[in-house]
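Please find below some numbered remarks on the model, written for a reader who will want the criteria beside the values.

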Amino acid sequence: MYELYREVLAKVPPMGECAKSGKVVAVRIDVNSPLDDGQRILDDYRIQAHAATLRALSDVGAKVVVLAHQGRPGGDDFTSLEQHAGLAEKYVGKPVRFIDDNQGPAAREAIKGLGPGEILFLENVRFLADEVIEKVPEEQVNAVIVRKLAPLLDYYVFDGFAVSHRSQPSVVGFPLVVPSCMGEVFEKELRALVKVQEARGEGVVLVAGGAKVPDTVRAVGHLLKDGLVETVATGGLVGFVFAVAKNGFTTPHVRRFVEKSGLATAITRARELVDKYPARISVPTDFAVEVNGSRMDIDVFSLSSDPLDIGKATLGTYMDMVRGARTVIFSGPLGVIEDEKFAVGTIELMKASMGRYVIIGGGHTILAARKAGIIDRVSHVSTGGRAFIQSVGGEEMPVLHALLKSYEKFWEAAGR
Ligand code: 3PG
């Protein structure tokens, strides 16, 4: 997998090769954002990150067409991209026109009417039913958005690292029919991942938290097997799963919690890992719970309510781990960071890791780094959530193959 990253970095042209004055350049970004109950964007980190890409394309005079999504069909956060476009305009510092169409006549006319340097933000690509159907790139060239837009495009830039785990039309369909480049955000993400691999596991600590349990357990397995991390410190729901895998149902509450949250399969897989790597996986020995509105730290063998953070004893152990590390990867928070009382474990561990090469990924992890006041001191802030943990774990991202196919078809053939 990491060989694939290197191959993409070596072959697929950087964005500059697709950023040509007067040319129509579609750029797939990922600005999928957490929304509040009123559907207002809560964190615009991804929009800020991609704004630099849009500005760079516009500055050279490209006619920029922005492709993106928000939410999934049926979800509460499945909304229009109008406010995303507004925020993009703020961060790009140039007009960004939004159109409530993504491939219909209105969108196509607007693309044809673009002038050099102008930016057109299309409506949520997932408003198209076939966008959420995953197929191989060769089949996605027949998806409606690719059929309708590709004839109008000179280049396609893939910048949406956070959606790189999806084999969806707007991600993998265009590269096969339009000459494609890596966007700046995407390229930076690949370089950071290669750096993790170059560390060869020595002194690399993975702090694996959050609630994406099956993905994270799988990634832990890959990283330990391939020797890409030396040790893993677990927290959050992931830590709870590993703690149960190691200690069994320590209390009746633990059993009830597992039953209600459907974690049994993940626990079985986690148990295989703690049995195989007993010295390399650390699990929480105590958790913080809420008692009468206050935080109380409690031993794993006395857990009688839901765990909301790692306990102080666990935090001490994990601090020693990160202080002795050269590289620390944070994927997912160790507790409920929205509540100050239960953000302590994540925040203190992040502070303790400063001075090392630190990579963080995932919306909540980024939020925690902001709360900890260390976001500007982190070596690499990934825009990816699920894509981050999957790619750190060495899984193959479909877009990498699509971009290489684009290289072979358009760039290699032209003697690049
Ligand atoms: C994300 O937020 O992880 C990406 O935007 C991908 O979203 P998805 O998991 O709905 O495809």
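1. In this predicted model, the axes of helix α10 (residues 236-247) and helix α11 (residues 252-261) come within 12 Å and cross at roughly 120°, where the axes are lines fitted to C-alpha atoms over the stretch in contact and the angles run from 0 to 180 degrees between N-to-C directions. The two helices are therefore oblique to each other, given that angles under 35 degrees count as roughly parallel, over 145 as roughly antiparallel, 65 to 115 as roughly perpendicular and the rest as oblique. Helices (H or I, at least four residues) and strands (E, at least two) are DSSP runs numbered from the N terminus.

2. The crossing of α10 and α11 is left-handed, a term used if the near helix is turned anticlockwise from the far one by less than a right angle. On the α10 side the contact (heavy atoms within 4.5 Å) is made by L237, F240 and V244, and on the α11 side by V254, F257 and V258. Sorted by class, this contact has 6 nonpolar, no polar and no charged residues, with Ala, Val, Leu, Ile, Met, Phe, Trp, Tyr, Cys and Pro counted as nonpolar, Asp, Glu, Lys and Arg as charged, and the others, Gly among them, as polar.

3. A search of the whole structure finds 1 disulfide, defined as a pair of cysteine sulfur atoms within 2.5 Å. C18 and C181 form this bond, with their sulfur atoms 2.0 Å apart, and the torsion about the S-S bond is about 85°, so the disulfide is right-handed. Because C18 lies in the loop between α1 (2-11) and β1 (24-28) and C181 in strand β6 (residues 180-182), the pair ties together parts that are 163 residues apart in sequence. Both cysteines, C18 and C181, are buried (under 20% relative accessible area, with exposed over 50% and partly exposed in between, for a 1.4 Å probe and protein chains only).

4. Most residues other than glycine have a negative phi. Q39, which is not a glycine, has a positive phi of about 65°; Q39 lies in the loop between β1 and α2 (45-59) and is partly exposed, with a relative accessible area of 35%.

5. N292, also not a glycine, has a positive phi of about 50°. N292 is placed in the loop between β10 (286-291) and β11 (294-299), and at 79% relative accessibility it counts as exposed.

6. On conventions, residues are numbered from 1 along each chain as its sequence is written, and side-chain values use heavy atoms, with hydrogens and water left out. Local features need pLDDT of at least 70 and side-chain atom pairs count only at pLDDT 80 or more, whereas totals for chains, interfaces and linings use all residues.
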